[in-house]
Amino acid sequence: EEDEFGSSPAVYKLEPGSGSKFGNVTINSNSTSKPLSTQARAMSSSSKPAESSSDSNKPQDTLEVLTRNGGFEKTHFWGQSKDECNVYILLPQSARGRDLKVSVTGKEISVLFCDAEHFRKKLRYPVEEGEDSFDGCWEVLDHPSDKTLRLLRVNLVKKSVGMGIVLWWSRVFEGDHEEDVTKFPDRAGASDSFQKNWSEATEAFKEKVKSIVPEEIEC
């Protein structure tokens, strides 16, 4: 048997502050319609995922930083600090770490790419040897400016040549172009300081020699 409202449900919209009577039941609407607050609108808009951004000009991604105190070759480029040297070997864009077999010894660096020899060169200067020096010393990176290439970065720890002595490499491998180490930015200050100290020590020695009175020695 159908009720007085028919077989389909009826929906009534009540205006704010109004009321309606259904049979013996009176329904009042006390709700008021308020616009979204500024904060709510902000929260609503902020629920959208933020667009990701990347800064391609980060200092560590520039060739200028990677080749600091170093140079360029056809197959690689390099940079150095007082204690370490980083070599960046050019790879095809498709290269991945699993495709490479890298051998680093105290005498040379060799790289196999898909089991074919890709790079092999003898080191010009001595480096620290041992598992601590060579274990995990390389990684594959994107080229900072050429999307058609990738890089194999090999980190080398320079072998000490004496207490307090810094050896700036003019090249990494035998046969590479020899760089002018006096023009390296990190060496300039150290070179000027050394020259100043050397000049002061030389002048002090000369003054000391002038004050020496010769003595006769009987034979």
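Biologist: Which order do the strands take in the open sheet of three strands?

Modeller: This is a predicted model, in which local features need pLDDT of at least 70, side-chain atom pairs count only at pLDDT 80 or more, and totals for chains, interfaces and linings use all residues. Residues are numbered from 1 along each chain as its sequence is written, and side-chain values use heavy atoms, with hydrogens and water left out. Strands are DSSP runs of at least two residues (E), numbered from the N terminus, and two of them pair if DSSP finds at least two bridges between them. With antiparallel pairing, the order is E6-E7-E8.

Biologist: Which are the edge strands?

Modeller: An edge strand here pairs on one side only. This applies to E6 (100-104) and E8 (116-122).

Biologist: Which residue in E7 is the bridge partner of Leu100?

Modeller: E6 and E7 (residues 108-113) run antiparallel and are joined by five bridges. In E7, Leu100 has as its partner Phe113.

Biologist: Why is strand E4 largely enclosed by the rest of the structure?

Modeller: His76, Trp78 and Gln80 point one way from E4, and Phe77 and Gly79 the other way. In a regular strand the side chains alternate between the two faces of the sheet. Buried means under 20% relative accessible area (1.4 Å probe, protein chains only). E4 (residues 76-80) is largely enclosed because, of its five residues, the number buried is five.

Methods. Buried means under 20% relative accessible area, exposed over 50%, partly exposed in between (1.4 Å probe, protein chains only). Helices (H or I, at least four residues) and strands (E, at least two) are DSSP runs, numbered from the N terminus.
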